[in-house]
Amino acid sequence: MVNYSDKIREISKRLLKDCKVDMIIGFRKGSVPMMNEPHFARTAEDVDELVWDSNCGINLANYLTDRKEKIGVAAKGCDSRNIVTHILENKIKREQLTIIGVPCKGMIDKRKIAGLVEGEVLEVTEDEEQINVKSSGGKKSFKKTEVLQENCAVCIHRNPVVYDEMVAEPVPEQTDVDRYEDVRKIEEMDPEQRWAYFDDLFKECIRCYACRNACPLCYCPTCFVDEAKPQWVGKSQDPIDIRTFHFLRAYHCAGRCTDCGACQRACPVGINMRMLTKKLEKDCKDLYNWEAGLTLDSRPPLDFYRPDDPEDFIK
Amino acid sequence: MDSHRINQLTHQRINQSRRDTDMKIVAIDKKDWEKGLDRLREAYRLIGPVKEDRYHYFRELPQGQAPDFDFFNTRISAKEIVYPQSEDLFEYTLDETKEDYHLLKEVEKDYSPKAVLGIRPCDAKAVELVKLNFDTDDYKDPYWLRAWEATTFVGLACDSPCSTCFCTTAGCGPYHEEGLDVLLADDGDRYVAKVLTEKGENFMKAAGWTEGAEAEARFESGKSAAEEKIVSTVSTEKLRSADTLALHGNEEMWEDISFSCINCGTCTFVCPTCWCFDIQDEVHGKQGRRMRNWDSCMFPIFTVHTTGHNPRGTKLQRVRQRFMHKLKYFVDKYDAGIMCVGCGRCVQQCPVNIDIRRVCDLMDRYGATDACAVEG
């Protein structure tokens with residue numbers, strides 16, 4: 001990963017020097033363990049702050065929305081797929097972008113690691129496939145594959161699908177993962193169980209909207225929950241309104257979500273709202289053989305009519 | 001409760017807080033802890049930290065449940081105990097056949113005594129800061145004040161602070177007493193309790209914990225040991241003298257700070273000192289209620305005018321507002337330090353790692369250069 005950082009800096013400096021871009025969007029080292037901060041660089045000096053490691057789980061496509069500059073952006077597999085979606089949805093132009101592709105072996109799960117060690121996590125370092133954690137209760141090491149974010153563990157598009165330069169050779173894609181085991185479990189529940197499951201899932205929600213705001217798909221000028229004339233959704237902690245927010249937001253992501261995991265990662269109370277978007281992702285795969293953001297050549301299934309669209313649901 | 005009564009209560013409370021001359025220390029054998037809690041339940045609703053899935057939260061403690069003191073701090077601050085995220089204020093009917101048609105009627109709420117056990121000193125001090133907003137000469141917020149008056153704050157000294165705690169440079173500390181009625185410290189097979197107010201005395205009596213102890217040394221040594229464990233700091237000395245407009249106008253600094261912000265409400269909602277709210281009317285059928293909900297200056301809708309114009313339309317403006325309020329406007333207006341107690345929740349929970357410690361230092365440093373420029 002060290003060479004990823006070096007390579008990103010090297011490419012960024014060249015792009016800025018050659019005036020190919022006005023700014024680079026990447027990450028700088030965070031101030032607490034397992035966190036990096038999305039960051040922009042306009043000068044060679046700024047570029048020296050850029051880093052890349054297993055804590056770059058925020059989706060940088062989110063920082064491209066409606067920008068006017070020429071931008072160099074570091075993009076792992078999911079970021080690149082959301083960049084494709086952004087381009088298709090006219091939130092940024094391909095010509096504005098120089099995509100610095102980052103092959104990715106997954107981001108580590110800060111909550112999982114915090115739960116596996118004694119006391120407070122004080123420092124996390126990594127070498128190759130190993131994650132070393134220093135906590136107030138001692139030291140522990142983990143295989144990186146054991147502590148990946150849930151979405152990364154089942155990711156099948158780790159390499160950027162669109163890029164101008166790559167920081168390294170592509171990494172092997174995972175082929176033996178079952179992406180939807182968890183979704184099937186919920187599908188198999190009876191309605192009461194499923195209702196109880198989602199009731200429980202959202203019980204800690206504080207409506208901070210971190211999930212929505214970390215999501216590159218959620219760029220509406222006014223979100224339906226913020227709409228006031230007329231108001232669509234109540235604003236209190238009423239569980240009905242909380243669920244309405246989560247359910248409707250998920251539907252807005254159907255056929256567009258890349259399961260980048262930024263929503264779950266951003267949530268301050270650790271809600272796995274991906275269980276909604278993953279179901280829709282699975283449906284899009286089953287119904288339309290569609291995976292979001294893989295190509296600039298066709299539009300997402302829910303914003304385009306094809307004569308051979310499945311219509312079994314019409315009875 | 002009229003405002004005069006609230007005023008009286010407030011003054012009474014301040015006087016109580018100052019009764020430190022006859023302050024007592026009481027020992028509580030841990031074997032008597034649960035029995036004491038049961039006795040307390042006869043007079044108080046008890047609230048304390050409870051672990052749910054991953055994190056600790058303040059929850060009401062039903063019979064048989066003791067607070068879980070094996071925690072760093074709760075995920076959400078204790079402000080919700082007196083200031084819930086959603087609170088009904090009034091109810092009304094739109095049914096014209098009803099006599100009380102269109103009349104706002106106050107919603108009955110339970111203001112019976114409650115006691116929060118295990119509130120950290122940072123959160124207790126934060127309640128005092130929030131009070132500056134809800135209890136002013138001109139305005140007394142009856143809902144906040146009644147809830148506050150009904151609450152006894154029983155703190156738990158912080159012997160194992162987190163790496164993100166910076167209370168000692170934020171006008172607070174792991175054994176800070178401001179805002180507390182009782183301060184507990186863990187002392188092996190017992191707790192020692194410093195009784196700080198009359199409310200605290202009544203609480204201890206209700207629990208049957210009255211055995212005096214010579215434990216001043218435990219508090220003194222515990223305090224210095226805990227303070228030494230605070231490794232994180234902020235600089236605030238120059239904030240007061242910094243030129244407000246120059247600080248506000250430092251676009252380059254604010255762009256650097258705000259770039260990563262996604263404008264979620266995490267920092268403001270988990271913050272023990274953020275006090276902003278929004279009033280909402282909700283009608284179901286013919287039945288309506290007026291409530292207030294926490295609001296966040298990070299949300300674009302926070303400042304949207306009815307014309308549609310938004311004076312704080314960009315995220316740079318919103319992020320700047322949050323930090324300027326906490327670290328400059330508040331400092332200037334109240335002369336009570338910064339509007340932050342150093343609990344570190346926003347540091348830990350910001351999804352994109354915007355760190356108030358860094359921002360505070362940048363602002364303070366800017367204040368310093370600004371002052372030098374004036375002198376030069």
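In which sense do E5(A) and strand E9 (residues 165-166) of chain A pair, and over how many bridges? Select both strands to find out. E5(A) and E9(A) pair in the parallel sense, over 2 bridges. Now pick A:Gly101, whose bridge partner in E9(A) is A:Met166. Keep in mind throughout that this is a predicted model.

**Stop 1: around strand E5 of chain A**

Stay on strand E5, residues 97-101 of chain A. Colour its residues by burial. 4 of the 5 are buried, so the strand is largely enclosed by the rest of the structure. A buried residue here has 20 or more other C-beta atoms within 10 Å of its own.

Click A:Val73 to see one pairing: its bridge partner in E5(A) is A:Ile99. How does the chain get from E4(A) to E5(A)? Follow the backbone. The path goes through helix H3, residues 77-88 of chain A. This β-α-β crossover is right-handed.

**Stop 2: a three-stranded sheet in chain A**

Select E6, E7 and E8 of chain A. They form an open sheet of 3 strands in the order E6-E7-E8, with antiparallel pairing. The edge strands are E6 and E8 (138-143), and each pairs on one side only. From one strand to the next, the twist averages 20°.

Zoom in on E6(A) and E7(A). Their antiparallel pairing spans 6 bridges. Show A:Glu126 and look across to E7(A), where its bridge partner is A:Ile131.

Now go to the loop between strand E6 (121-127) and strand E7 (130-135) of chain A, where you will find A:Glu128. Is A:Glu128 buried or exposed? Count its neighbours. There are 7 other C-beta atoms within 10 Å, so A:Glu128 is exposed; the cut-off for exposed is 12 or fewer. Then draw a distance from A:Glu128 to A:Lys144. The two are 16 residues apart in sequence, and their C-alpha atoms are 8.5 Å apart in space.

**Stop 3: where the chains touch**

Show both chains. The contact takes 31 residues from chain A and 33 residues from chain B. On the chain B side, select helix H9 (266-270), strand E10 (277-284), strand E11 (287-294) and helix H11 (345-349); each supplies at least two residues. Colour this side by class: 14 residues are nonpolar, 13 are polar and 6 are charged.

**Stop 4: a seven-stranded sheet in chain B**

Chain B has an open sheet of 7 strands, in the order E1-E9-E8-E7-E6-E2-E3, with mixed pairing. Look for the edges: strand E1 (24-29) and strand E3 (55-60) of chain B each pair on one side only. The twist averages 25° from one strand to the next.

Within the sheet, select strand E2 (residues 45-52) and strand E6 (residues 114-119) of chain B. These run parallel, joined by 3 bridges. Click B:Leu46, which stands opposite B:Ala115 in E6(B). H2(B) lies across E1, E2 and E6 of chain B, at about 130° to E2(B).

**Stop 5: the domains of chain B**

Finally, colour chain B by its domain assignment. Domain 1 covers 3-81 + 113-228, and domain 2 covers 244-375. Their centres, taken over C-alpha atoms, are 28 Å apart. Where they meet, 22 residues of domain 1 are in contact with 19 residues of domain 2. The domain 1 side of this contact has 13 nonpolar, 6 polar and 3 charged residues.

Notes
Residues are numbered from 1 along each chain as its sequence is written. Chains are lettered from A and ligands numbered from 1 in the order in which they are written. This is a predicted model: local features need pLDDT of at least 70, side-chain atom pairs count only at pLDDT 80 or more; totals for chains, interfaces and linings use all residues. Two strands pair if DSSP finds at least two bridges between them. A crossover is right-handed if, with the strands pointing away from the viewer, the path from the first strand over the helix to the second runs clockwise. Domain bounds come from an automatic or database domain assignment. Two residues are in contact if their C-beta atoms, placed from the backbone, lie within 7 Å. Ala, Val, Leu, Ile, Met, Phe, Trp, Tyr, Cys and Pro count as nonpolar, Asp, Glu, Lys and Arg as charged, and the others, Gly among them, as polar. Axes are lines fitted to C-alpha atoms, for helices over the stretch in contact, and angles run from 0 to 180 degrees between N-to-C directions.
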